[in-house]
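Please consider the following briefing alongside the sequence and the three-dimensional structure.

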Amino acid sequence: MATEATPRINARYLEQFTNSTVRILGRVTSLRGENATIDANGSIQVHLNRDAHLTLNNAVEIIGKVQPDLSVKVFQAMDFGSNIDFNAVEAVVDATHRYKEIFYNAD
């Protein structure tokens with residue numbers, strides 16, 4: 001049984017992955033009801049589900065689908081706390097796309 005690839009992206013890759021399921025690790029910069037904004041090398045609007053419990057200024061990993069307006073509909077969100085090395089996160093995102101044949105099908 002094949003599983004859907006969920007490549008790690010940041011804000012600069014949103015347009016490339018419209019209508020695709022992705023993983024994004026960013027810092028929560030605002031919370032407004034069922035919506036939030038995260039900073040993942042740029043600002044991303046996310047539409048939360050009922051199970052998402054985010055904390056302002058904490059890191060969060062989002063698994064969700066990139067919408068045509070480049071917002072992300074959240075399927076799953078996991079709080080990663082406040083002790084995250086975002087330089088390492090960016091290095092992983094960069095490696096994911098530099099060696100995309102390992103991580104996802106680019107077709």
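Aspartate 94 and arginine 98 are four residues apart in helix α1, so about one helical turn separates them. Their side chains meet in a salt bridge, with an N to O distance of 2.6 Å. The model described here is a predicted one. The points below are grouped by topic, beginning with the two residues of this pair.

**The residues of the helical pair**

- Aspartate 94 belongs to helix α1, which spans residues 86-98.
- With a relative accessible area of 26%, aspartate 94 is partly exposed, because partly exposed covers the values between the buried limit of 20% and the exposed limit of 50%.
- Arginine 98 has a relative accessible area of 52% and is therefore classed as exposed, since exposed means over 50%.
- Aspartate 94 can also be compared in position with threonine 18, which is 76 residues away along the chain. The C-alpha atoms of aspartate 94 and threonine 18 are separated by 19 Å.

**Salt bridges between strands**

- How many salt bridges does the structure hold? The number is three.
- One of them joins the side chains of arginine 8 and glutamate 61, at 2.7 Å from N to O. This pair links distant parts of the chain, as arginine 8 is in strand β1 and glutamate 61 is in strand β5, 53 residues apart.
- Another salt bridge is formed by the side chains of arginine 23 and glutamate 61, at 3.4 Å from N to O. Arginine 23 lies in strand β2 and glutamate 61 in strand β5, so this pair ties together parts of the chain that are 38 residues apart in sequence.
- Arg8, Arg23 and Glu61 are thus linked in a network of salt bridges, because glutamate 61 pairs with arginine 23 across strands β5 and β2 and with arginine 8 as well.

**Exposure of the network residues**

- Is glutamate 61 buried or exposed? Glutamate 61 is buried, as its relative accessible area is 9% and buried means under 20%.
- Arginine 8 counts as partly exposed, at 28% relative accessibility.
- Arginine 23 also counts as partly exposed, at 25% relative accessibility.

**Loop residues with positive phi**

- Asparagine 19 has a phi near 65°, which is a positive value in a residue other than glycine.
- Asparagine 19 is placed in the loop between β1 (8-9) and β2 (21-32).
- The relative accessibility of asparagine 19 is 49%, so this residue counts as partly exposed.
- Asparagine 57 is likewise not a glycine, and its phi is positive at about 75°.
- Where is asparagine 57 placed? Asparagine 57 is in the loop between β4 (43-47) and β5 (59-66).
- Asparagine 57 is partly exposed, as its relative accessible area is 46%.

**Arginine 32 in strand β2**

- Arginine 32 is found in strand β2.
- A relative accessible area of 47% makes arginine 32 partly exposed.
- Arginine 32 and leucine 48 are 16 residues apart along the chain, and a distance of 9.9 Å separates their C-alpha atoms.

**A nonpolar surface patch**

- Which residues form a nonpolar patch on the surface? The patch is made of Tyr99, Ile102 and Phe103, which together have about 330 Å² of accessible area.
- Phenylalanine 103 lies in helix α2, which covers residues 100-103.
- Phenylalanine 103 is partly exposed, with 42% relative accessible area. This value meets one requirement for a patch residue, because such residues have over 30% relative accessible area.

**The largest pocket**

- The volume of the largest pocket is about 170 Å³.
- A total of 11 residues line the largest pocket. Those nearest its centre are Pro7, Phe17, Ser20, Tyr104 and Asn105.
- What kinds of residue make up the lining of the largest pocket? Five are nonpolar, four are polar and two are charged.

Technical notes:
Residues are numbered from 1 along each chain as its sequence is written. This is a predicted model: local features need pLDDT of at least 70, side-chain atom pairs count only at pLDDT 80 or more; totals for chains, interfaces and linings use all residues. Side-chain values use heavy atoms; hydrogens and water are left out. Patches are made of residues with over 30% relative accessible area and no salt bridge: like charges are joined within 9 Å, nonpolar side chains (Val, Leu, Ile, Met, Phe, Trp, Tyr) within 5 Å. Accessible areas come from the Shrake-Rupley method with a 1.4 Å probe; for residues, only the protein chains shown count as cover. A salt bridge is a side-chain nitrogen of Lys or Arg within 4 Å of a carboxyl oxygen of Asp or Glu. Helices (H or I, at least four residues) and strands (E, at least two) are DSSP runs, numbered from the N terminus. Buried means under 20% relative accessible area, exposed over 50%, partly exposed in between (1.4 Å probe, protein chains only). On a 1 Å grid over the protein atoms alone, a cavity is a set of points where a 1.4 Å probe fits but cannot get out, and a pocket is an open set with protein on both sides within 12 Å along at least five of seven lines; lining residues have an atom within 4 Å of a point. Grid points are joined across faces, edges and corners, and a volume is the space filled by probe spheres set on the points. Ala, Val, Leu, Ile, Met, Phe, Trp, Tyr, Cys and Pro count as nonpolar, Asp, Glu, Lys and Arg as charged, and the others, Gly among them, as polar.
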